[in-house]
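This report describes pockets, nonpolar cores and selected residues of one protein model. Please consult the structure shown below alongside the text.

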Amino acid sequence: MFEVEISSMSPERFRSVLTAERFEAFERGVREARELLAGRVVWNINSTARGGGVAELLESLVAYARGTGVDVRWTVIEGTPDFFAVTKRIHNRLHGAMGDGGALDERARAVYEQVLADNLPALSERVRPGDVAIVHDPQPAGLIAALRAAGAAVIWRC
């Protein structure tokens, strides 16, 4: 598991594309978020730092959130080729497609659970009670119970 380093970007750049009213509402939301999340970390957890929709999304969202003063971070779990084959099957089937048609059996479950167990110690060192974890896609979804047990509020996004 590793953390993706993202610098902050000021959301002030949105002032020129929003009406004054909407930008004021945006600023109110930012103030409320900073108050609500003070002393907490918002963790984004996924399985790749490059390529794919989640990585593209997080690159800018994390930067803008950091630009508001909220402590937002991005961690990436690491896995084996077998793990990624299994999670691709899960993802495809969640969306109604058979994908490669491979099995989602006890062997696949063991592959999935082993990779998550390998990533869990590094994650457990980072996440604290009160933190927020946004878990992206099926790859890290098996970490949700451990994140909740660590006292984090968890959102699964797929």
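## Largest pocket

The lining of the largest pocket comprises 16 nonpolar residues, three polar and no charged; Ala, Val, Leu, Ile, Met, Phe, Trp, Tyr, Cys and Pro are classed as nonpolar, Asp, Glu, Lys and Arg as charged, and the others, Gly among them, as polar. The model is predicted, so that local features need pLDDT of at least 70 and side-chain atom pairs count only at pLDDT 80 or more, while totals for chains, interfaces and linings use all residues. Residues are numbered from 1 along each chain as its sequence is written, and side-chain values use heavy atoms, with hydrogens and water left out.

The volume of the largest pocket is about 290 Å³. Of its 19 lining residues, Leu61, Val62, Ala65, Val72 and Ile134 are the closest to the centre. Two or more lining residues come from each of helix 1 (20-37), strand 2 (42-46), helix 2 (53-67) and strand 4 (132-136), and helix 2 supplies the largest share, six residues. Helices (H or I, at least four residues) and strands (E, at least two) are DSSP runs, numbered from the N terminus. A pocket is an open set of points on a 1 Å grid over the protein atoms alone, where a 1.4 Å probe fits, with protein on both sides within 12 Å along at least five of seven lines; lining residues have an atom within 4 Å of a point. A volume is the space filled by probe spheres set on the points, which are joined across faces, edges and corners.

## Second largest pocket

The second largest pocket has a volume of about 160 Å³. Its lining divides into one nonpolar, eight polar and two charged residues, and includes Asn46, Arg50, His136 and Asp137.

Aspartate 137 lies in the loop between strand 4 and helix 5 (144-149). Its phi is near 75°, a positive value in a residue other than glycine. Most residues other than glycine have a negative phi. Aspartate 137 counts as buried because its relative accessibility is 16%, the limit being under 20% relative accessible area with a 1.4 Å probe, protein chains only.

## Nonpolar cores

The largest nonpolar core has 19 residues, and Ile45, Ile77, Phe83, Leu123 and Leu147 have the most contacts inside it. Such a core is a set of buried Ala, Val, Leu, Ile, Met, Phe, Trp, Tyr and Cys residues joined through side-chain atoms within 4.5 Å. Helix 4 (106-126) is among the elements that give two or more residues to this core, and contributes the most, six residues.

Methods
Buried means under 20% relative accessible area, exposed over 50%, partly exposed in between (1.4 Å probe, protein chains only).
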